[in-house]
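Have the structure open as you read.

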Amino acid sequence: VHAVAARVFEGWYRKRGRELGIADGRTGSITAVQRFGSDLALNIHFHMLFVDGVYSGLGAFTPIAAPTCSELETLCTTI
């Protein structure tokens, strides 16, 4: 599940980068896996943090605006 979600979000950033003229942009992310809720009940879920932009092959960073509500709905449906 994590790999699918990460690929979907990275693909979204790369697509936005291509729209800005960055042919092979890459973003960065980190994920924390939380296994339990505050009541110690099993509740496995991910906290994913992405860099808000893409890096070009030469290392130049280009910021990208956050996804809109409509885009988030599409991303979640895809996942």
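## The nonpolar patch outside

In this predicted model, a nonpolar patch on the surface brings together Val 1, Val 33, Phe 36, Leu 40, Leu 42, Ile 44 and Phe 46. Together they account for about 750 Å² of accessible area.

Where does the patch come from? Strand E1 (29–36) and strand E2 (42–50) each put in at least two residues, and E2 gives the most, with 3. Take Val 33, which belongs to strand E1. Its relative accessible area is 37%, so Val 33 counts as partly exposed, a label for values between 20% and 50%.

In soluble globular proteins, nonpolar side chains tend to end up buried together. Here, the largest nonpolar core has 9 residues in all: Val 8, Phe 9, Trp 12, Tyr 13, Ile 22, Phe 50, Val 54, Ile 64 and Leu 75. H1 gives the most to this core, with 4 residues.

Phe 9 is a handy one to click on. Setting aside residues up to four places away in sequence, Phe 9 touches Phe 50, Leu 75 and Ile 79. Phe 50 and Leu 75 are themselves listed among the core residues.

## Arg 16, a charged residue under cover

Is Arg 16 buried or exposed? Arg 16 has a relative accessible area of 16%, and the cut-off for buried is under 20%, so Arg 16 is buried.

Arg 16 is part of helix H1 (residues 2–19). Beyond its neighbours within four places in sequence, Arg 16 makes contact with Ile 64 and Glu 71. Of these, Ile 64 is one of the core residues.

Note on methods
Residues are numbered from 1 along each chain as its sequence is written. This is a predicted model: local features need pLDDT of at least 70, side-chain atom pairs count only at pLDDT 80 or more; totals for chains, interfaces and linings use all residues. Side-chain values use heavy atoms; hydrogens and water are left out. Buried means under 20% relative accessible area, exposed over 50%, partly exposed in between (1.4 Å probe, protein chains only). Contact means heavy atoms within 4.5 Å. Patches are made of residues with over 30% relative accessible area and no salt bridge: like charges are joined within 9 Å, nonpolar side chains (Val, Leu, Ile, Met, Phe, Trp, Tyr) within 5 Å. Accessible areas come from the Shrake-Rupley method with a 1.4 Å probe; for residues, only the protein chains shown count as cover. A salt bridge is a side-chain nitrogen of Lys or Arg within 4 Å of a carboxyl oxygen of Asp or Glu. A nonpolar core is a set of buried Ala, Val, Leu, Ile, Met, Phe, Trp, Tyr and Cys residues joined through side-chain atoms within 4.5 Å.
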